[in-house]
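The exercises below are meant to be worked with the coordinates open. Each task is followed by a solution that goes step by step.

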Amino acid sequence: MSQTPSITCTSLSFSWPDGTRVFDDLQVAFGSGRTGLIGANGSGKSTLLKLIAGELAPSGGTVRVAGEIGYLPQNVTLDTALRVDEALGIAAKRVALHAIEAGDVAEEHFTAVGDDWDVEERAEAMLGELGLGRIGLDRTIGEVSGGESVLLRLAALLLRRPDVLLLDEPTNNLDLYARRRLYAAVEAWSGVMVVVSHDRELLDLVDQIADLRSGEITWFGGNFTAYEEALAVEQEAAERMVRVAEADLRKQKRELADAQVKLARRKRYGQKMWDTKREPKIVMGARKRAAQESAGKHRIMHEEKLAEARERLDEAVEAVRDDDEIRVDLPYTAVPPGRSVLTLRDLELACGARVAGGLDLHGPERIALIGRNGAGKTTLLRTIAGELQPVSGEATAHVPLRFLPQRLDVLDDGLTVAENVARFAPGATNNRIRARLARFLFRGARADQRAGTLSGGERFRATLAALMLAEPAPQLLMLDEPTNNLDMASVRQLTTALESYEGALIVAGHDVPFLDSIGVTRWLLLDGELRETTPEDLGFPA
């Protein structure tokens, strides 16, 4: 009798070759249903999936998977020379099927096909469900976009019908339409699924949330929205416990101080009695010893109470999450409502996309630039930034602008965070740079970290700081897929930073909840030509 599909990690430990410990005696099990695995950048989410998939070997403990496993890594790379059927893993079966249909009844053909006589039909149906029906099985991977490559890899996994499916940031680099296809595939999944993602819409499709923090997992029933609500209640209770523990600590300090005053008075009284010799020496000596013993016990009791109160406060503080928010005050980024910020005129881009007629951006508008993968969104932003020349037409910025690319290659890896910011603001003093960096959560020694040693979330924060603190202050900020690879805390930090920004904003992206959260005022769709649209027109709720 076959086992029920499941994943069990027992006493799991893992360290990187440099000795950095990721897990130490981790106990976790994943059963049927969809689990959203969340946690801060660098907490070990991708590492845990690789350990389960067998791509990494644990330092200690065991990983047991009941059932066949399918794994979609974060960075999907496929050989561009492969045909689609080879990428799907069905090429040999297709060859055998076609040989049998042509009259070749060799035994090896029947062995290759097995029971999978409808493999071509299933593959074509799967491609259709994922929006890849037009590709066909005989095209090469070099002819499909990056987002289509991700969906092809997913299609290959689904065709295998694994019992356990592991997905690591599957919506990265997927456009709005491809994301919808992936959401539908996730919703239809009936086996064991563990998905690592920062995509709110995807995480709202899961059955439970596994929160990985400090090497341990805490479980929350329901989807991400339910998790946030439960966490808010939990954090409110934790903060209340901190206040209670702080009050208890103050009380214990007062009681210890009062006890010390009383003991000092008794000591003075005893000394006075000794000095005046009002009682026999042997009686006074016995009293003195008893008083000292009592005083010692009294002091120890209060000190123990004080230590216990401090311990309770430490435990209460530990339960409160330290998810700091970026708070910046950038008055020089403000743009008056009527001011002309950007003009596009009869623009034709190197990728073939066009801005027919013209487009004007005025004041502190917030524009969402959306479109399919490969439509030319990045090319348009790079053209506006002056990094690429248009085929024809013109793009004119009327205010200082800065561009945050997907690759985050703005920073010099050999320089510290503070030195990188200084490159963009050469007139600013070191003290001024450090004071401003503190608001981006780079306080003290953190500002002296070299850019090459930063985690993904830290690197994004440092790049954002370098651009927003640049001189002259940017009054037009352009961001290309800013939430890719950011954990939920980093996305919240980005959102709060942009709330403080008073200039014009253009964000190319597919993360609709994030775009809604930053107060987008206009939606532009690039689909051959640039045109205005609305989320409702695209089939998304307002």
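**Exercise 1.** Does E169 count as buried or exposed, and at what relative accessibility?

Before the solution, note that this is a predicted model, in which local features need pLDDT of at least 70 and side-chain atom pairs count only at pLDDT 80 or more, while totals for chains, interfaces and linings use all residues. Residues are numbered from 1 along each chain as its sequence is written, and side-chain values use heavy atoms, with hydrogens and water left out.

*Solution.* Buried means under 20% relative accessible area, exposed over 50%, and partly exposed in between, with a 1.4 Å probe and protein chains only. E169 has 7% relative accessibility and therefore counts as buried. As for its location, E169 sits in the loop between strand 6 (164–168) and helix 7 (176–188), where helices (H or I, at least four residues) and strands (E, at least two) are DSSP runs numbered from the N terminus.

**Exercise 2.** Describe the backbone at E169, at L441 and at the bond between E471 and P472.

*Solution.* E169, although not a glycine, has a positive phi of about 50 degrees. L441 also has a positive phi, near 70 degrees; L441 lies in the loop between helix 13 (430–439) and helix 14 and is buried, with a relative accessible area of 5%. Finally, E471 and P472 are joined by a cis peptide bond with omega about 0 degrees, and P472 belongs to the loop between helix 14 (456–468) and strand 15 (476–480).

**Exercise 3.** Which residues form the positive surface patch, and which helix gives the most to the patch?

*Solution.* A patch takes residues with over 30% relative accessible area and no salt bridge, and joins like charges within 9 Å; a salt bridge is a side-chain nitrogen of Lys or Arg within 4 Å of a carboxyl oxygen of Asp or Glu. The positive patch consists of R250, K251, R254 and K305. Helix 9 (residues 224–276) gives the most, with three residues, whereas K305 is found in helix 10 (residues 281–319). K305 has a relative accessibility of 33% and so counts as partly exposed.

**Exercise 4.** How many helices and strands does the protein have, and what percentage of its residues count as buried?

*Solution.* The secondary structure comprises 16 helices and 18 strands. Of the 542 residues, 46% count as buried.

Conventions. Patch = residues over 30% accessible without salt bridge, like charges linked within 9 Å, V, L, I, M, F, W, Y side chains within 5 Å. Areas by Shrake-Rupley, 256 points an atom, 1.4 Å probe, with all protein chains shown as cover. Lys, Arg positive; Asp, Glu negative; His and termini not counted. Charge placed at Lys NZ, Arg CZ, Asp CG, Glu CD.
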